[in-house]
Amino acid sequence: MPIVVTGATGALGRLVIEALLERAAADEIVAVARDRARAADLAARGVDVRIADYRRPDTLQDVFAAGDRALLISGNEAGQRVGQHRAVIDAAREAGVGLLAYTSVLGGPTATFRIAEEHIATEQALLASGMPYSLLRNGWYHENYTGALATTLRTGVVVGSADGGRVATAARQDYAEAAAVVLTGSGHENSVHELSGDTAWTMAEYAAEVSRQTGRQIRYQDLPQERYAAVLIDAGVPAMGAQLVADADAGIARGELGCTPGDLSRLLGRPTTPIAEAIAEALKDLPAQS
């Protein structure tokens, strides 16, 4: 039975495809992408590549078939995602998809930070569709933080608005493998998985771990939400994205991204990747002068 992954050439999508290739034959996997050239390597490995765009509902009509198991990876255009996701849901419903999984956000309807709003609306649309579903409510990625290590080492400061709140991150790879488990396993119809790392940590603890691994003095500087957004904008982050990140940090301060229910490690059949391991791996990729 075909397994369809939308957004297949994105950072998460590629990892999902790799995890699926360990569990299913390449000709059973459908990678949906906007750009055929970016998916050429997948096609060369025998994956069925189909071209479609969330922003163009007409291109989604031939993506799905009756009985498919599919993963809707959330789009990256803040403010536009609900309509885009509904177009995918409508196409999947019309085709008679057997299971549609969606990469939502930890906490689902209980989350109050702004990034969650479009995820909550998408969940509602998926539930209203009547299709069998699986809500993969992903927490934050380690990479949200380790991706900024070069700046952290250059400045000696980790900046945020999370106060002393804890965040239970996991590796992007962990979330990708969990999605593959759901897509290839049984019993996941109409399921909700609250996915997060096994251990929650504070930003001060993160700074201390970077200090330990690098031998440099790294500190955490907590800023008011508006000031943190301004810092991000000064660093080149688009205004809307900066405001959403700062608002999510306020959510961390309220305890909304620190829960550790264990759903992710249970799906994986192993512990989630520790943040210390992610820091070590990211440091290997940095130039020596960093």
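1. The chain contains twelve helices and nine strands; helices (H or I, at least four residues) and strands (E, at least two) are DSSP runs, numbered from the N terminus. Its radius of gyration is 19 Å, close to the 19 Å that the globule rule gives for 290 residues, so the chain is as compact as a globular protein of that length. That radius is taken over C-alpha atoms, and the rule is 2.2 Å times the number of residues to the power 0.38. The C-alpha trace spans about 55 × 35 × 35 Å along its principal axes.

2. On the basis of the note: this is a predicted model, in which local features need pLDDT of at least 70 and side-chain atom pairs count only at pLDDT 80 or more, while totals for chains, interfaces and linings use all residues. Residues are numbered from 1 along each chain as its sequence is written, and side-chain values use heavy atoms, with hydrogens and water left out.

3. Of the 290 residues, 53% count as buried, where buried means under 20% relative accessible area, exposed over 50%, and partly exposed in between (1.4 Å probe, protein chains only). Among contacts between residues at least 6 apart in sequence, 77% join residues at least 24 apart; a contact means heavy atoms within 4.5 Å.

4. Seven strands form an open sheet with parallel pairing, in the order 3-2-1-4-5-6-8. Its edges are strand 3 (48-51) and strand 8 (191-195), each of which pairs on one side only. Two strands pair if DSSP finds at least two bridges between them. From one strand to the next, the twist averages 20°, with axes being lines fitted to C-alpha atoms, for helices over the stretch in contact, and angles running from 0 to 180 degrees between N-to-C directions.

5. Strand 2 (residues 29-33) pairs in the parallel sense with strand 1 (residues 3-5) over three bridges. V4 has V30 of strand 2 as its bridge partner, and V5 stands opposite A31. Strand 2 also pairs in the parallel sense with strand 3, over four bridges; there, R50 is the bridge partner of V32. Five of the five residues of strand 2 are buried, so this strand is largely enclosed by the rest of the structure. I29, A31 and A33 point one way, and V30 and V32 the other way.

6. Strand 1, helix 1 (residues 11-21) and strand 2 make a right-handed β-α-β unit. A crossover is right-handed if, with the strands pointing away from the viewer, the path from the first strand over the helix to the second runs clockwise.

7. H193 lies in strand 8 and counts as buried, at 11% relative accessibility. Leaving aside residues up to four places away in sequence, H193 touches S134, L135, L136, R137, V182, H188, D263 and L267.

8. Helix 9 (residues 225-234) has Y228, A229 and L232 buried. Seen down the axis, these fall within an arc of 100°, so they line one face of the helix; the arc is that of the directions from the helix axis to the C-beta atoms. E226 and D234 are exposed on the other side. Strand 7 (157-160) and helix 10 (239-253) are included in what covers the buried residues. After helix 9 comes G236, whose phi is positive, near 105°.

9. In helix 12 (residues 275-284), the residues I275, A278, I279 and A282 are buried. They cover an arc of only 100° around the axis, which puts them on the same side of helix 12. An α-helix has 3.6 residues a turn, so residues three or four places apart point the same way. The buried residues of helix 12 pack against helix 5 (143-146), helix 6 (149-155) and helix 8 (203-214).
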